[in-house]
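Below are some brief notes on the model you sent. They are in numbered points, to be read beside the coordinates.

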Amino acid sequence: MTDEESLPDPEQGPGPDAGKAPEQPRETGLEASIYPHTNTFYTAPKLNQGLPPDPVVIRILSAIEITIGVTLFAFIVFGVMYQVLGRYFPSVSWVGAGELALLSMIALTFITTGYLVGRNGHIVLEIFDELLAGSRLFVALRVISAVIMVVTSLALAYEAFVKIETEWGRLSAAMHVPLGVIYIFALIGFVSAAIHSSFKIPYANRPERKLDIGEMEG
């Protein structure tokens, strides 16, 4: 091809597509939204993103606690729903349904104590956290808090151990379950809280893991 052949013919005039802007790819989905991307607490950054994984002992202990907790929650739902069903169909009513839900709720409260302590899911008063954040005193504060939590949890675990024997002779009204069983869950929960708190001491200089409901769903 010569240079004369490559040049446009002035007699032909502009083509049909002359003067038109090049077509842009169409935006679909969120790209076409009039609202810009917004980073929130639940979107970005992801909760607990970048934190090192928990030790194997903590992961196994947390999995056991969540499994027992989910089972107890299922008992609560079953007890409440069966109690409601018994109001409409007295022939299938069971007097122990409400008691099953109540005892399961108490046991669930105790068995998840360690899991919540390990992920700061319990109620706390952060008075000095903002003032000391980023300093060595903040690390010392976390160590002292973890030590106090270990001592308190062990003291409560001892009290729960004592109550198992003293309350074992008392039976519940409907299902005749020894009330000492409830304190077994309390003993496990407080011992777990002591273990979770003790593991916080050597990792006091790193960001703390927060409670993530998605982990419980898994």
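**Notes on the model**

1. S153 counts as buried, because its relative accessibility is 2% and the cut-off for buried is under 20%. The model is a predicted one, and the values here are computed from it.

2. S153 sits in helix α6, which covers residues 136–167. Which residues does S153 contact once its neighbours within four places in sequence are left aside? They are F190, A193 and A194.

3. V77 belongs to helix α2, residues 56–88. Its relative accessibility is 39%, so V77 is classed as partly exposed; that class lies between the 20% limit for buried and the 50% limit for exposed.

4. V77 is also one of the residues that form a nonpolar surface patch of about 850 Å².

5. On secondary structure, the protein chain has eight helices and zero strands. In sequence order the pattern reads α-α-α-α-α-α-α-α.

6. The protein chain has 218 residues, and 26% of them are buried; S153 is among the buried ones. The accessible surface of the chain is about 15800 Å², with 66% of that area belonging to carbon and sulfur atoms.

Note on methods. Residues are numbered from 1 along each chain as its sequence is written. This is a predicted model: local features need pLDDT of at least 70, side-chain atom pairs count only at pLDDT 80 or more; totals for chains, interfaces and linings use all residues. Side-chain values use heavy atoms; hydrogens and water are left out. Patches are made of residues with over 30% relative accessible area and no salt bridge: like charges are joined within 9 Å, nonpolar side chains (Val, Leu, Ile, Met, Phe, Trp, Tyr) within 5 Å. Accessible areas come from the Shrake-Rupley method with a 1.4 Å probe; for residues, only the protein chains shown count as cover. A salt bridge is a side-chain nitrogen of Lys or Arg within 4 Å of a carboxyl oxygen of Asp or Glu. Helices (H or I, at least four residues) and strands (E, at least two) are DSSP runs, numbered from the N terminus. Buried means under 20% relative accessible area, exposed over 50%, partly exposed in between (1.4 Å probe, protein chains only). Contact means heavy atoms within 4.5 Å.
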